[in-house]
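Good morning. Please have a look at it first.

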2 protein chains.
Amino acid sequence: MDAAEQEFARNGYDGASIRSIASEAEVPVALVNHHGGGKEALFWRVVARRAEDLSTARQEALSTQDAKGNSSVPELLRCFIAPLLERADHGGAQWLAYARLVAYVSADPRWEDLAAVCFDPTAQVFVDRIAAHYPTHARAAVASGFIYSIAAMLALLTSQWRMTALGDGRIETSHRLDELVAFCASGIDGCAAQKADLGH
Amino acid sequence: MDAAEQEFARNGYDGASIRSIASEAEVPVALVNHHGGGKEALFWRVVARRAEDLSTARQEALSTQDAKGNSSVPELLRCFIAPLLERADHGGAQWLAYARLVAYVSADPRWEDLAAVCFDPTAQVFVDRIAAHYPTHARAAVASGFIYSIAAMLALLTSQWRMTALGDGRIETSHRLDELVAFCASGIDGCAAQKADLGH
DNA sequence: TTTTAAATTGAACACTCGTTAAAAATAAAG
DNA sequence: CTTTATTTTTAACGAGTGTTCAATTTAAAA
């Protein structure tokens, strides 16, 4: 599974080969097929493996945040974003590979169903919580803003190099989270405000 | 080229096959190799083909906007975002495919160089213009926010379906642009503000 | 220990891939 | 018209793909 995770994250679904995975895991080729149930089933399994851990981490962060009193939108966003980013940073090579895999799955419409099963239920919870801070008729705008936020989070995982290229100074990883949360919170706010202006 | 554009956009680089492209274009297999100079060179050519048109459209939008007087950050962002989104919406199937291809290239670190050549120069111009609205020491924050914004724009191209799934109502395509610009402008603003708060 | 089940292995199959080389057809130049 | 380029076609090569199947080894159950 670890080998498949690395290979899928590095080369994508089509670029990865069962033989490379088997070679990296130092097992015969037929074993990974017998154990994984075919390439596509193996891919699903790899993505789903850490999805549950990620979801519970997000919900737990939400619970501990709620215990401190009323949760603001930035605090809610942080509960969703921090678990993945922290694991990508300090969770070892496997979690970094998995984070890239999440970005890959989320970007490719081909894995619509997989993403819907693994990530959408938790996302739904956070959209509900964030939307509660805005007028009820702005829910669609909040949902859009939340998806934009997810895209921004994944961009931080895949194209961090581009930020240092376009900017003129490297930013410490610990500050990236605060920066991203600030971006998303303000963005959702702007989204909802724009929706409110439609009637004028 | 049109056939390659469709095929690459639909299946990615590894998923696309020269034979499918040749079949869709109703030409022999060897012709596309002779004319395109190999698969990778063909991919570069396809991506670069409309990149220049896109860049000039963005810069022209910037010029006409500047002619109206001082350009605000939302107006600047609209000049960058609108050209691609308009072409994806009303530019026919080819431009829609190309838009998806841009999203694909931007997401995959494998095409770092290609993206740097085709898209980064124009992006640099817009980062400079936007950064002029903020204190000079906030340029890195603005660059980060701009990349987040690009990610959001590409998410609108690839996962529009998810917005209607997480929200509870469809939003008209014409409103999407305003919504996205509002999100990005507010987000960049929040990014720069967070950077300013670091000293406290 | 014997018997049944499961896991592991090596080898091969059928297929698609990108690329190449020589032959045929078309266009351009003299 | 003849002759040179250029483009197009046909065919095939070699490598790599996911998958399958019987043979073997290991583990578990009776």
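How many residues surround DNA strand C, and which are the closest? There are 16 residues around DNA strand C, and the closest are A:A30, B:S17, B:I18, B:A30 and B:G38. A residue is near a strand if its C-beta atom, placed from the backbone, lies within 6 Å of it.

Before going on, a note on what you are looking at. This is a predicted model, in which local features need pLDDT of at least 70, side-chain atom pairs count only at pLDDT 80 or more, and totals for chains, interfaces and linings use all residues. Residues are numbered from 1 along each chain as its sequence is written, while chains are lettered from A and ligands numbered from 1 in the order in which they are written.

α3(A) gives the most to the surface near DNA strand C, with 5 residues. Helices here are DSSP runs (H or I, at least four residues), as are strands (E, at least two), and they are numbered from the N terminus. The residues of that surface near DNA strand C divide into 8 nonpolar, 6 polar and 2 charged. Nonpolar covers Ala, Val, Leu, Ile, Met, Phe, Trp, Tyr, Cys and Pro, charged covers Asp, Glu, Lys and Arg, and polar covers the others, Gly among them.

Now DNA strand D. Of the 16 residues around DNA strand D, A:S17, A:I18, A:A30, A:G38 and B:A30 come nearest. Two or more residues come from each of α2 (18-25) and α3 (29-36) of chain A and α3 (29-36) of chain B. α3(B) gives the most to the surface near DNA strand D, with 5 residues.

Next, the two chains. The contact takes 44 residues from chain A and 44 residues from chain B, where two residues are in contact if their C-beta atoms, placed from the backbone, lie within 7 Å. On the side of chain A that touches chain B, α9(A) gives the most, with 14 residues. The residues of that side divide into 24 nonpolar, 13 polar and 7 charged.

How are the copies related? The same surface serves both copies, as 100% of the contact residues of chain A recur in chain B.

Chain A has 11 helices and 0 strands. Buried residues make up 44% of its 200 residues; buried means 20 or more other C-beta atoms within 10 Å of a residue's own, exposed means 12 or fewer, and partly exposed is in between, with C-beta atoms placed from the backbone.

Is A:A57 buried or partly exposed? A:A57 counts as partly exposed because it has 19 C-beta neighbours inside 10 Å. This residue is found in helix α4 (residues 39-67) of chain A. Its C-alpha atom is separated by 17 Å from that of A:A115, 58 residues apart along the chain.
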